[in-house]
Amino acid sequence: MLPRRSSLTGLAVGLFAVYVAHTCWVMYGIVHTRPCLPGPPRGSGGQGSDGCIRPYLARRPKLQLSVYTTTRSNIGTENNIDLVLNVENFDVESKFERTVNVSVPKKTRNNGTLYAYIFLHHAGILPWHDGKQVHIVSPLTTYMVPKPEEINLLTGESVTQQIEAEKKQTYALDEPVSHWRSRLTLNVMVEDFVFDGSSLPADVHRYMKMVQLGKTVHYLPILFIDQLSNRVKDLMIINRSTTELPLTVSYDKISLGKLRFWIHMQDAVYSLQQFGFSEKDADEVKGIFVDTNLYLLALTFFVAAFHLLFDFLAFKNDISFWTKKKSMIGMSTKAVLWRCFSTVVIFLFLLDEQTSLLVLIPAGVGAVIELWKVKKALKMTFEWGGLMPTVKFGDFTESEKKMEEYDNQAMKYLSYLLYPLCIGGAVYSLLNVKYKSWYSWLINSFVNGVYAFGFLFMLPQLFVNYKMKSVAHLPWKVFTYKAFNTFIDDIFAFIITMPTSHRLACFRDDVVLLVYLYQRWLYPVDKSRVNEYGESYEEKPRRKPHKE
């Protein structure tokens, strides 16, 4: 019978392989649509004599693009609407970008919503008089909590103090206010693709409008609004004194495969928001799709899947290693405490910076695991005798006390360098950098020390390895999985939005990993050899003695 841990690892790898195969199959189905093959007449069905639905754009009609704004979500006539852009002789093959000024109604300035109606219709005919027009609607406003102003904590000065004072008279900074979407990105599917009426893709079907022309059925131009291009960085807060705001309207043609892919991605972002993701969290996901090359984006999907697998295996083996760990021989207690402190500080920093949940959730899980390691390393036990628990610490053996001497010796010299640098950096940032609050300054000071000098706290463990001339006591399976994730993090550092200091820390981890690999090469591991403390690091469990 296979060991339980091998079965669990095999199950995880098997599920991962199924997930990757299923993702590839789904992606292929999205980008590859089966066309309609003309055949014998199928009778008087809803899709013409041969069951095919043909593109109306193949008839090369003269089209016009019109963009209107209104405060109503439904319009029936041209009353109470404003024409903001009119493109005559609209060419679906030609890309363009235009910026127009839009009048902001009083209702919108009072936290109301303004809608954009985009019509694609025959040239020279008003859209509501054209039976073959297509239109789509999109809100030009959204609600979001304004970002708190950063100030100098000693002087209270702010660069935008006067502007922010005006906002505070109108809105409270902890309440959502109306923001203006300054970009409107339009697409038209231009492929002369013939759909099979019996197997229309559901994602495209909801954007299609069909007309009967003689014995054949045609679908009108598919008009699409690229919501993934609406980024938080393009939002502008709407004040009650605002009467006009700029709107950049851009257009580009789109293929059927990319259109279907974009529809699925927009639906995925919408689902994330329904599950509680904020506008900023959803914006991070949008940035992966919009700001990344499609080939790099495909690579990102597979890299993210491998990152998830290695994270799981690293956490599993780390917990397994520390669960079986009965003593701290060969392990640096100071390094364990430092990793716990740094992980918690980084998590609080990412939380304060409102970083994407893609980065925040793994950091939170890692912090919980590091706190549990500290409990194991210090042999802490909790006894509940009332409302407050009593904490007790276990006794250390002579061998563990000797390890503690090595630990203290390394930390003694390290503190001479580390503490002045951290205190000096905190004082410098207090005098020259603006923060939202004293808590924000404190967390940033801690995390800057963690990021800038964090690798120094790995020196105690390296020093212990040097004294023992061995690395057999280290969890090398965990290091292996984390090694893969370290290089994957280097890729994500250029793709996912994160604080610059956190991005640089990804490359700092590469240096730490190389030092450990050098020690691994310098001190070959023989796990079957019994060390000077009478212990063997052979991972195979001992068999229970046979009962006679």
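Which two residues form a disulfide, and how far apart are their sulfur atoms? In this predicted model, C36 and C52 form the bond, with their sulfur atoms 1.9 Å apart. The count of disulfides comes to one. C36 lies in the loop between α1 (4-31) and β1, while C52 sits in strand β1, so the pair ties together parts that are 16 residues apart in sequence. The torsion about the S-S bond is about -65°, so the disulfide is left-handed. Both C36 and C52 are buried.

C24 has a relative accessible area of 34%, so C24 is partly exposed. C340 has a relative accessible area of 8%; buried means under 20%, so C340 is buried.

Now follow strand β1. This strand covers residues 52-55 and runs parallel to β12, residues 216-219. Three bridges join the two. R54 has H218 in β12 as its bridge partner.

Strand β12 also pairs with β11, residues 210-213. Here the strands run antiparallel, joined by four bridges. L213 stands opposite T216 in β12. The hairpin of β11 and β12 has two residues between the strands. In this hairpin, G214 takes a positive phi near 70°.

K325 lies between α7 (294-324) and α8 (333-352). Is K325 buried or exposed? Its relative accessibility is 15%, so K325 counts as buried. The C-alpha atoms of K325 and A377 are separated by 8.9 Å. Along the chain, K325 and A377 are 52 residues apart.

Notes: Residues numbered from 1 in each chain as written. Predicted model: local features only at pLDDT ≥ 70, side-chain atom pairs only at ≥ 80, totals over all residues. Heavy atoms only, no water. Pairing = 2+ DSSP bridges. Buried < 20%, exposed > 50% of the residue type's maximum accessible area, 1.4 Å probe, protein only. Disulfide = S-S within 2.5 Å.
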